[in-house]
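Please walk through this model in a viewer, one selection at a time. Each stop names what to select and then says what is there.

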Amino acid sequence: MKFLLSILLFMALNLPFNAFSFQATITQHNVCSFKTEYRSIRIQKNQSNSCDAVYTKLGQDARLGGGQFATSCERIFNNVVSNLKSAGWECQNAFGSGFTIESKKG
């Protein structure tokens with residue numbers, strides 16, 4: 001229960017820091033924890049139907065890669081989750097698909 005509350009808190013605090021200037025639908029999202037640190041990895045489907053794999057560390061988003069097809073982003077996503085788990089991190093699905101975010105437009 002404590003881990004679930006931590007995930008929800010992390011997500012609530014992380015959303016205002018989204019660095020992207022477009023609307024995107026998140027199709028996969030894992031939150032990983034190790035001791036008191038948290039990381040987030042997600043796949044965003046863009047309005048152009050391309051996708052981005054995005055990694056969040058300390059509230060800062062970094063685009064790891066992307067492509068026209070979901071399989072490109074899924075490979076990146078699965079590789080990062082696998083690497084984190086191998087390093088002792090605990091990763092869990094943060095929520096189902098269909099979550100939409102819209103960042104502040106500069």
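The tour goes from confidence to the core, and then to an aromatic pair.

**Stop 1: colour by pLDDT.** This is a predicted model, so begin with confidence. The mean pLDDT of the protein is 77, with 67% of its residues at 70 or more. Select α2, which has the highest mean pLDDT among the elements, 95. Then select strand β6 (residues 99-102), where the mean is the lowest, 39.

Two stretches deserve a selection of their own. Over residues 12-22 pLDDT stays under 50, and the model has 25 contacts there beyond four places in sequence. Residues 97-106 also stay under 50, with 23 such contacts in the model.

**Stop 2: the largest nonpolar core.** Select Cys32, Ile41, Ile43, Cys51, Tyr55, Cys73, Phe77, Val80, Val81, Leu84, Trp89 and Cys91; these 12 residues make up the core. Two or more residues each come from β2 (37-46), β3 (51-57) and α2. The share of α2, 5 residues, is the largest. In soluble globular proteins, nonpolar side chains tend to be buried together.

**Stop 3: Leu84.** Leaving out residues up to four places away in sequence, Leu84 touches Cys32, Tyr55, Trp89 and Cys91.

**Stop 4: Cys32.** Is Cys32 buried or exposed? Its relative accessibility is 0%, so Cys32 counts as buried. Beyond four places in sequence, Cys32 touches Glu37, Tyr38, Arg39, Leu84, Trp89, Glu90 and Cys91. For one of these, Trp89, draw a distance between C-alpha atoms: Cys32 and Trp89 are 57 residues apart along the chain, and the separation is 6.1 Å.

**Stop 5: the aromatic pair.** How many aromatic pairs does a search of the whole structure find? The search finds 1. Phe34 and Trp89 form this pair, which is tilted, with 5.6 Å from centre to centre and 35° between the planes. The pair links distant parts of the chain, 55 residues apart: Phe34 lies in strand β1 (residues 23-34), while Trp89 lies in the loop between α2 (70-86) and β5 (90-93).

Phe34, at a relative accessible area of 29%, is partly exposed, because the cut-off for buried is under 20%.

How values were computed: Residues numbered from 1 in each chain as written. Predicted model: local features only at pLDDT ≥ 70, side-chain atom pairs only at ≥ 80, totals over all residues. Heavy atoms only, no water. Phe/Tyr/Trp six-rings, centres within 6.5 Å; stacked < 30°, edge-to-face > 60°. Helix = DSSP H or I, 4+ residues; strand = E, 2+ residues; numbered from the N terminus. Buried < 20%, exposed > 50% of the residue type's maximum accessible area, 1.4 Å probe, protein only. Contact = heavy atoms within 4.5 Å. pLDDT = per-residue confidence, 0-100. Core = buried A, V, L, I, M, F, W, Y, C linked by side-chain atoms within 4.5 Å.
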